[in-house]
Amino acid sequence: MIPPQSTVRRMPGLRPRHSARLIFSHRPPLSRPRQFTHKPQQQSFVSQTPFRPQLPFLSQAKGRLPLAIHLRQHFIRLVSTDRREQYKRGLFRGLKIALTSYAIIFMLYLIDTGIYQEEIEHRWPTPPEWSWKSRWALRTAIALQHPNEAGQVVTQWHNVYAYVRELLERLEDPNIDGKDIQELADGGIFIDGVGRAGFDLSGKSEPWRRGYFQALMSAAKAAENLEGFMTDSKQRVTAKADYVHGPSNPNAKTLPGRTKTVMHEEDCVPAAPPAETFYIKILTTTGFTAKQKIDAALAYADYLDSKGLSDTARDMYTWAMDIAASGLSYDPSRVVDTATGVLKNSGKDIASDNLLRVSTALAVHNAKIGDLSTALAIFTSVLKARRSLPGSAPPKPSQSNTERGNLPFDNFVQKIKNMFVPPVYPAAPSDGNTPPVRELGSPCEEAGLMTYIGEILYATSSREIGLAWTRDAVDIAESELLEIARQTETLDTRDRCSQCLKVGIQNWRTMVHNLVTSAAAAEEEAIAQSAKAWFGGASEAAKKTSERKRWEAEEMIIDDRSDRMLRLTNDYNVYKSRGIGGLF
């Protein structure tokens with residue numbers, strides 16, 4: 001049995017249990033928690049109450065913060081790590097799609113440009129010895145001068161001159177494409193009021209010289225059409241001088257379609273130099289053929305005629321006649337009167353092609369200045385000379401698209417063919433010092449002469465005879481155009497025949513319209529006099545009525561011929577006259 005235990009006292013000095021609480025009783029009580037939205041001096045993350053934390057995005061702001069500060073404070077919280085990676089992947093994917101799309105579009109543009117350049121290279125070949133940039137400039141400038149074939153509405157002559165100017169700089173630079181060209185004299189020859197004369201091209205090949213001639217003629221034609229135009233060098237805008245603001249023109253017009261574009265006089269220069277600069281350069285260059293120089297002389301003379309400078313134009317025609325006469329191997333007086341341009345047609349000697357062209361141009365000049373008798377004599381002599389030309393071998397018939405019909409993939413097949421078949425640069429043409437031969441397209445030349453003769457006869461002597469000549473000219477041109485469409489695809493010959501046909505039918509229309517007007521007036525006068533006449537008044541009025549109906553019927557025939565002509569020429573500008581005009 002265990003004895004009862006006695007009460008044992010704790011060790012003296014030992015503190016009671018509750019004294020352990022008193023050890024830390026000297027610590028201060030915990031401070032009151034601060035809210036998240038209240039920032040005194042220190043930031044505290046202790047919640048005021050144990051039920052809901054007071055975070056900034058859960059509390060109500062006393063005022064609206066600026067957007068920039070708001071985005072800067074919350075951007076890191078909104079874009080998490082996963083979302084940031086998602087944004088990076090989306091941005092990289094969009095960038096790849098955009099770059100790939102732009103690359104595909106750019107490649108398609110290059111392919112389309114290459115196909116177009118191959119097409120116009122086959123249409124208008126350029127000298128193979130030139131650099132690619134010079135060839136590009138020449139064929140583009142020539143294509144721009146044919147808006148119907150280049151897919152344009154009108155010719156942008158400022159673009160033509162921009163290409164040709166760069167081309168001429170390259171061709172006349174000995175370090176690029178102008179190697180072996182020589183000056184006519186030390187330091188070159190300068191003509192007052194014109195500029196620099198031509199070069200000596202005897203050391204260059206015939207294709208090089210022919211391409212250089214095409215460039216100069218294109219530049220001259222562009223300069224003719226840009227006369228009176230100014231180019232703003234800062235804004236790269238070309239317009240007439242009426243749209244240039246400056247002290248000399250304070251009330252300038254506003255550019256159509258560009259109300260915010262203002263051309264200032266201090267920033268503008270002439271769009272092109274005078275056309276005579278290029279014509280004189282051709283005429284003073286050594287190495288061009290007689291035909292090329294005559295082309296330049298006749299074009300310059302025609303330009304002077306259009307400006308009303310008849311005396312200067314006459315001098316150019318005389319210059320052209322001297323060039324044509326100097327190329328003959330016999331005495332020129334045996335075939336032509338160089339003073340008047342009338343061909344003699346003695347039957348022994350045949351005039352050269354250059355003489356025929358110069359005489360025809362001289363006849364047109366005489367008709368424009370009113371010397372119709374001389375013009376008629378020249379036209380009739382040239383027509384007789386052309387009809388007596390010897391014939392050539394008939395061309396081989398070729399199957400054209402008009403006979404077999406246009407297949408759906410003809411255009412595509414032709415594009416593929418142009419890409420793989422290199423163009424052939426044509427052989428050198430004749431210099432024009434030999435007599436021409438009758439070939440396909442020659443009747444169109446005769447039809448053009450007959451049109452001029454009919455126009456002069458209608459205006460001077462007999463309307464009936466002039467109308468008959470014009471009818472015959474239209475018939476010849478139309479039949480020859482049908483023959484060209486069946487046997488050849490030469491576009492130049494077809495274009496000349498189309499122009500001849502359009503001029504003839506326009507003259508025919510004008511003549512018949514004048515006759516209808518005259519017959520109607522005569523009919524009204526006859527009806528008015530028939531009421532006063534005792535005998536024969538009614539029969540005279542009926543005769544005038546029958547005459548009016550006759551001319552009206554012929555006018556309807558002209559309309560039908562015009563509609564048929566549209567299918568031949570593929571040109572809807574059929575009533576635009578290109579005759580010598582002003583005679584009736």
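Helices (H or I, at least four residues) and strands (E, at least two) are DSSP runs, numbered from the N terminus. With those labels in hand, here are some close-up views of this predicted model.

**Figure 1. Aspartate 180 in the loop between α6 and β1.** Aspartate 180 lies in the loop that runs from α6 (157-171) to β1 (182-183). Its phi is near 75°, a positive value in a residue other than glycine. For comparison, most residues other than glycine have a negative phi. Aspartate 180 counts as partly exposed, because its relative accessibility is 44%. Who are its neighbours? Leaving aside residues up to four places away in sequence, aspartate 180 touches Asp200, Gly203 and Lys204. Leucine 201 is 21 residues from aspartate 180 in sequence, and the two C-alpha atoms are 7.8 Å apart in space.

**Figure 2. Arginine 236 between two strands.** Here we move to the loop between β5 (229-232) and β6 (237-240), where arginine 236 is found. Arginine 236 also has a positive phi, near 55°, in a residue other than glycine. Is its side of the story buried or exposed? With a relative accessible area of 74%, arginine 236 is exposed.

**Figure 3. Helix α6 and what covers it.** The 15 residues of α6 should span 21 Å at 1.5 Å a residue, and the end C-alpha atoms are 21 Å apart, so the two values agree. Its buried residues are Trp157, Val160, Tyr161, Val164, Leu167, Leu168, Arg170 and Leu171. If you are tracing them by eye, remember that an α-helix has 3.6 residues a turn, so residues three or four places apart point the same way.

**Figure 4. Helix α15, largely enclosed.** Helix α15 covers residues 442-460. From its first C-alpha to its last, α15 reaches 28 Å with 19 residues, close to the 27 Å expected at 1.5 Å a residue. Of those 19 residues, 16 are buried, so the rest of the structure largely encloses the helix. Glutamate 446, a residue of α15, is buried, with a relative accessible area of 7%. Glutamate 445, also in α15, is partly exposed, with a relative accessible area of 35%.

**Figure 5. Two salt bridges that reach α15.** The structure holds 21 salt bridges, and this view picks out a pair of them. In one, the side chains of arginine 387 and glutamate 446 meet at 4.0 Å, N to O. This bridge links distant parts of the chain, with arginine 387 in helix α12 (residues 372-387), glutamate 446 in α15, and 59 residues separating them. Arginine 387 is partly exposed, with a relative accessible area of 46%. In the other, arginine 496 and glutamate 445 bring their side chains to 3.9 Å, N to O. These two also come from distant parts of the chain, since arginine 496 sits in helix α17 (residues 491-530) and glutamate 445 in α15, 51 residues apart. Arginine 496 counts as partly exposed, at 46% relative accessibility.

Figure 6. Glutamate 554 and arginine 471 form a salt bridge, and their closest N and O atoms are 2.7 Å apart. How many residues apart are the partners in the chain? The answer is 83, with glutamate 554 in helix α18 (residues 537-569) and arginine 471 in helix α16 (residues 463-487). Glutamate 554 is buried, with a relative accessible area of 8%, whereas arginine 471 is partly exposed at 23%.

**Figure 7. A salt-bridge network.** Glu121, Arg135 and Arg139 are linked in a network of salt bridges.

**Figure 8. A nonpolar patch on the surface.** Phe412, Val413, Ile416, Met419, Phe420 and Val421 form this patch, and together they have about 610 Å² of accessible area. Phenylalanine 420 lies in helix α14 (residues 410-420). At 68% relative accessibility, phenylalanine 420 counts as exposed.

Figure 9. An unreviewed UniProt entry places the feature "transmembrane region" at residues 91-111. What does the model show there? Over residues 91-111 the chain is 100% helix and 0% strand. The end C-alpha atoms of this stretch are 30 Å apart.

Note on methods. Residues are numbered from 1 along each chain as its sequence is written. This is a predicted model: local features need pLDDT of at least 70, side-chain atom pairs count only at pLDDT 80 or more; totals for chains, interfaces and linings use all residues. Side-chain values use heavy atoms; hydrogens and water are left out. Buried means under 20% relative accessible area, exposed over 50%, partly exposed in between (1.4 Å probe, protein chains only). UniProt positions are given in the numbering used here, feature names are shortened, and annotations may be inferred rather than shown by experiment. The expected span of a helix is 1.5 Å times one less than its number of residues. Patches are made of residues with over 30% relative accessible area and no salt bridge: like charges are joined within 9 Å, nonpolar side chains (Val, Leu, Ile, Met, Phe, Trp, Tyr) within 5 Å. Accessible areas come from the Shrake-Rupley method with a 1.4 Å probe; for residues, only the protein chains shown count as cover. Contact means heavy atoms within 4.5 Å.
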